[in-house]
Amino acid sequence: MPPATGAVASPPAAAGTVLLGRYELGDLLGRGASAKVYLARDLLTGRSVAIKSFPNPRAAAAGDRPVAIEREAGILRRLRHRHVVRLHEILATRKKVHFVLDLAAGGELFSLVDASGRMTEDLARHYFRQLVSAVRYCHARGVYHRDIKPENLLLDESGALMVADFGLGAVAGTADGGGSLLRHTMCGTPAYVAPEILSRKGYEPAKVDIWSCGVVLFVLAAGYLPFNDASLVNMYRKIYAGRFRCPGWFSPALRDLLRRVLDPDPSARIDADGIVAHPWFRHGASDEELGRLMHGGGGEQEEEEEAWFGPVGESKADEEDREPTAFDILSFSPGSDLSALFLGAGKERVFVGEPVAAVVARVEAAGRKGGYRVRRDGKRATAVYVEEEESGVVVAKVSVFRIADAVSVVEVVKGDGPDAVVFWSELLEPAVKPPALSC
C-alpha cells in the first residue's frame with residue numbers, strides 16, 4: 001500500500017486524535033491488509049505529514065512477530081533522496097507502530113496523464129529520469145524495491161516524483177537482500193513482474209527493478225501495459241518471452257531503450273548506468289543537469305534513533321474452468337507477493353519451475369497416495385480432480401498452465417471439510433509447491 005496520496009477519503013473515527021502529544025490525526029487516506037494511512041498535522045511545526053499505522057510487531061508472540069514492518073523501517077531509515085518518500089520518525093504505543101512520512105500532496109503520478117490516457121514523451125522522460133535517479137540511488141545503498149508500479153509512484157506538493165512503499169523491499173547482505181546471491185522470493189505485481197521471477201530459478205533484485213521501471217515507462221508513454229492480456233496465463237507467457245509492441249507514436253530512441261530495458265534475458269538487460277547514458281534519457285539535458293538529478297539532492301544519510309515511546313491510551317462453480325481474466329489481474333494488486341496468490345477462500349495459485357507433465361504426475365501420485373480417485377478433465381488435460389472414491393465429493397481440483405517449457409502456473413481449488421484440509425497440508429501442498437528456497 002502506498003503512503004498517503006493527496007486524495008481524501010471519509011474521516012475515520014480517529015480523526016482529531018492527537019498522537020503522542022505531537023501529531024493531530026486527520027482524514028484516512030488509504031488502507032492495506034495491515035496498515036492504515038492518515039493525514040496528520042505536526043503540532044510543533046504546522047507541517048502536514050502522512051502517518052502510516054501498523055499493529056505493533058513487538059506485541060506479537062515470540063517467534064510470531066512479523067518482520068516486514070521492521071524491514072521497511074530499516075530500509076527507509078537508510079534512504080535520503082529527493083525522489084524517495086522520507087521516513088521522519090517512528091513512534092510506538094503498546095498496540096501500534098506509526099511511521100511519520102512525507103505527505104504526497106500531489107497524489108499519484110498517473111493523475112498527470114492527459115485526456116488520451118498517456119503522457120507526452122517529454123513528460124514521460126521527465127518523470128522516468130526522476131524514477132531512475134531514485135532507483136539508482138537505492139541500489140547504490142544496497143536497497144531493492146521489488147514492487148515498482150504506478151500505485152507506488154507519488155507526487156509531492158511541487159509535482160516531483162516520490163517512490164513509496166518499500167514493504168516488499170530487500171537489503172543486500174540479508175536473507176532477502178541482494179549481494180552476489182540470487183534471490184527467490186516471488187515479489188511484485190503481476191503485470192510489472194520480471195520474467196526471471198516466473199522461472200523460480202533465482203534473480204538479481206536490481207535487474208528486477210530495472211524491468212519494472214521499463215514497464216512503468218511504457219505505460220506512461222503509451223497509456224496501456226506492454227504485456228496486457230485478458231488471460232493471465234497468456235500475459236505471463238508474453239512476459240516470459242518479452243513479447244511486446246511499441247505504438248506508432250514512440251520515437252525510435254524510445255523504442256530502442258524499451259527493447260533494452262524489457263529484455264527477457266537479465267544478463268543482457270541494460271542497467272541503471274546504461275539507462276542514464278542512453279540518448280533518449282539524455283535528450284535535452286546537459287551533463288550538469290543530469291548530474292544534479294542523479295545525485296538526488298538528498299544529502300548524506302542522517303542518523304536518527306527510533307522513538308519507541310511507552311504505552312499510551314489508544315484513542316464451487318463452472319467459472320473455475322476458465323482461464324484467469326483481466327479482473328483476476330486487478331485482484332492481485334493488493335497482495336503483491338506471488339509466492340501464493342490466493343484467489344479466494346480455499347483457492348491458491350503458485351509458480352513452479354517445472355514442465356506441466358511433471359507437476360500433474362506429482363498431483364496424481366499425491367491423490368492416489370491419499371486413497372482418492374484421480375481423474376483428468378476430458379476437455380483439459382491439465383485439469384486434475386481428486387475425489388472421494390464412494391461419494392464422488394471433490395477434495396481438490398488442480399489446473400496446471402504452461403508458461404514456458406519449464407515454467408508452469410498451478411491453480412488449486414481446495415475442497416471443504418477436514419479431510420480436504422489434511423490432504424492439502426500433508427500431500428497436495430508438497431506436491432504442487434516448489435521446494436523451500438532462500439529468500
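Predicted model: local features only at pLDDT ≥ 70, side-chain atom pairs only at ≥ 80, totals over all residues.

User: Why is E348 called buried?

Analyst: Its relative accessible area is 3%. Buried means under 20%, so E348 qualifies. As for its place in the fold, E348 sits in strand β13, residues 347-352.

User: What makes the pair E348 and K414 a polar contact?

Analyst: Their side chains are joined at 3.4 Å, and the cut-off for N or O atoms is within 3.5 Å, so the pair counts as a polar contact.

User: How do you know that the second largest pocket lies between domain 1 and domain 2?

Analyst: Both domain 1 (18-101) and domain 2 (107-171 + 179-297) contribute residues to its lining, and therefore the pocket lies between them. Its volume is about 380 Å³. The lining has 16 residues, with R82, H88, D102, D156 and M162 nearest the centre.

User: What makes β1 and β5 edge strands?

Analyst: The open sheet has six strands, in the order β1-β2-β3-β4-β6-β5, with antiparallel pairing. β1 (18-19) and β5 (87-92) each pair on one side only, and that makes them the edge strands.

User: And how do you know that β5 and β6 pair?

Analyst: Pairing takes at least two bridges, and five join β5 to β6 (residues 96-101), so these antiparallel strands pair. For instance, L91 has H98 in β6 as its bridge partner.

Conventions:
Residues numbered from 1 in each chain as written. Heavy atoms only, no water. Helix = DSSP H or I, 4+ residues; strand = E, 2+ residues; numbered from the N terminus. Buried < 20%, exposed > 50% of the residue type's maximum accessible area, 1.4 Å probe, protein only. Polar contact = N/O pair within 3.5 Å; in protein donor to acceptor, adjacent residues only side chain to side chain. 1 Å grid on protein atoms, 1.4 Å probe; cavity = no way out; pocket = protein on both sides within 12 Å on 5 of 7 lines; lining within 4 Å. Points joined across faces, edges and corners; volume = space filled by probe spheres on them. Domains from an automatic or database assignment.
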